[in-house]
Amino acid sequence: MRGPERPGAISLPTEFPADVLCGAMSATPSPRVERIDCLRRVFHLLAIVCLLPVAAPAPGAEPRAGRPPNFIVILADDLGYADLGHDGSGIDTPNIDRLAREGTKLTQFYAAAPYCSPTRAAFLTGRYPHSVGVPHIVSSPQPNEAPERTASRGRLSHDARTLPQALAPGGYASMLAGKWHLGYEEGWWPRSYGFKRFWGSLAGTPKYFEPVLTYENETPIAVREYFTDGITGQGVQFIHDHRGQPFFLYLAYNAPHCPREAPPELVAKYEKVFGEDKAGYAATIERMDTGIGRVLQALDDLGLAKDTMVVFTSDNGPCVCQGPLDRPRSAAPLHGHKYMTHEGGIRVPCLVRWPGRIPAGRKTDTVASIMDLFPAFLAAAGIQPVPSRPVDGVNILPLLEGVEGSVHDDLHWEANHAYGVRRGNWKLVQEGWVAAPYLYDLQSDPGERRDLAARHPEKVKELVGLHEAWRRKYYPQHPPLSKTRPVWWENGAHPGFPKSR
Ligand SMILES: [Ca+2]
């Protein structure tokens, strides 16, 4: 596919023709003619150099006219809704807090699922993950299993159009540094989907020390450094290497996903504050924040801050893998956690910074989804959508720039154990082992404490019908919801929250 020309885009040779240089002249009719010709060629050379993207302007330089923005998406893994420093969590995140201060915070921003792989697929395609081969967590194939069994484990469809592929006609270079989790078999790795560079792990739980399934492009590597630091270093290097052209950097940290291993000095710091149980969680977040500081510093050093949209968010809510949840390591004041389609599993922190384009220090309560980043990036890059390749996300660039207004008529989540649907401020949740769904009014009850299903049966009927229609369109082969309630299901409940019926 060939996209439209970018506004202000200039077509330039990748190398200077040899005859542009004075020393390459082949004929010299007279000294005067040679001088004039040489001066003309020097002028030509200077004109080209002036039009080329500037490699390293001074910090704080104005955005260069006509240059499309870079995109950096920093995706945390299992981060609680309000566990950042500026939320009052007690975890030091000065660099993420800087993004909040210098950018806009979306307080009702949703992952596409309550767990890893589907949200990542939705981000990269702008579509509901169920329609691109990733309805659930992608699991690792076992030795000698049947090909049909392997296929059933999920992997990102090659029929889907990804963000790196969509941005490529605009001259973008793309890199994934960190966690992939959208396909374990060769042929379903990041560079099969348009990424120019990959450094990281294919695994869903890579670990932090000696991470597993690590690759540089398609070559297996052994990672000796703390994985978070390695991801940061690779991302910073990519920024330096591509400072002269538009780039898309997908920085997919595995922090603070379990096992929450961190440098001992950081763990010791938080043991004094939160105790042993939560120290690892807090420490992995601070170390990720330190890495984000290095990324922001690289943008400052290269004068790219005003040319770069930076997004920080999480793929789902907090996990219950290391004990019951309370703050920090929770979704409070929301109800629930990872795997649940209550708000705690799917509503995630989101900060977006683009100096000069996106207002600083602003909050918006408008409902948006990670699927919306795909069309918003294309709009910011000046790349026209392809009508034959529609996305489910909505272009939220106007919202990010300060234009308030409803974005979505409704949003849907379908997981193993439960589904959820939101229309306006109404939210319906159906758990597999419960006969009737819950209904909440998120305007008056964002913590989903009061089940209004019995008082508004007509609204229940409307939302159930809405989700059934969604299933027919996006997930016609859906299996029944699991009827077994996991033992940890209510670990994310806080005092005062209702238990499942
Ligand atoms: Ca996750």
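1. Strand S3 (residues 109-110) and strand S13 pair in the parallel sense, over two bridges. Helices and strands here are DSSP runs numbered from the N terminus, a helix (H or I) having at least four residues and a strand (E) at least two. Two strands count as paired if DSSP finds at least two bridges between them. Within this pairing, Tyr110 stands opposite Ser369 in S13.

2. Two remarks on the source. This is a predicted model, in which local features need pLDDT of at least 70 and side-chain atom pairs count only at pLDDT 80 or more, while totals for chains, interfaces and linings use all residues. Residues are numbered from 1 along each chain as its sequence is written.

3. What is the order of the strands in the open sheet that holds S3? The sheet has three strands in the order S10-S3-S13, and its pairing is mixed. Its edge strands are S10 (347-348) and S13 (368-369), each of which pairs on one side only.

4. For the chain as a whole, the count is 12 helices and 17 strands. Of its 501 residues, 48% are buried. Buried means that 20 or more other C-beta atoms lie within 10 Å of the residue's own; exposed means 12 or fewer, and partly exposed is in between, with C-beta atoms placed from the backbone. Two residues are in contact if their C-beta atoms, placed from the backbone, lie within 7 Å. Among contacts in the chain with a separation of 6 or more, 66% are between residues 24 or more positions apart.

5. Strand S16 (residues 426-431) deserves a paragraph. Six of its six residues are buried. Both faces are covered: Trp426, Leu428 and Gln430 are buried on one side, and Lys427, Val429 and Glu431 are buried on the other.

6. S16 has pairing partners. Strand S15 (residues 418-423) runs antiparallel to S16 and is joined to it by six bridges; here Tyr419 has Gln430 as its bridge partner. The hairpin of S15 and S16 has two residues between the strands, and in it Gly424 takes a positive phi near 60°. Strand S17 (residues 438-441) is also antiparallel to S16, with four bridges between them, and Val429 stands opposite Tyr438 in S17. The hairpin from S16 to S17 passes through six residues.

7. Next, helix H12 (residues 457-474). Its 18 residues reach 26 Å from the first C-alpha to the last, close to the 26 Å expected at 1.5 Å a residue; the expected span is 1.5 Å times one less than the number of residues. Which residues of H12 are buried? They are Val460, Leu463 and His467. Seen down the axis of H12, these buried residues fall within an arc of 75°, so they line one face of the helix. The arc is that of the directions from the helix axis to the C-beta atoms. In general, an α-helix has 3.6 residues a turn, so residues three or four places apart point the same way.

8. The two sides of H12 can be compared. What covers its buried residues includes strand S14 (410-414), S15, S16 and S17. The face turned away from the buried side carries the exposed residues Glu458, Lys461, Gly465, Glu468, Ala469, Arg472 and Lys473.

9. Most residues other than glycine have a negative phi, and most peptide bonds are trans. Asn144 is not a glycine, yet has a positive phi of about 65°. Asn144 is found in the loop between helix H3 (116-125) and helix H4 (147-151), and is exposed, with 5 other C-beta atoms within 10 Å. Leu213, also not a glycine, has a positive phi of about 50°. Its place is in the loop between strand S5 (197-201) and strand S6 (214-216), and with 18 C-beta neighbours inside 10 Å it counts as partly exposed.

10. Where is Pro256 found? Pro256 is in the loop between strand S8 (247-252) and helix H7 (264-274). The peptide bond from Ala255 to Pro256 is cis, with omega near 0°. Pro259 also has its place in the loop between S8 and H7, and a cis peptide bond, with omega about 0°, joins Cys258 to Pro259.
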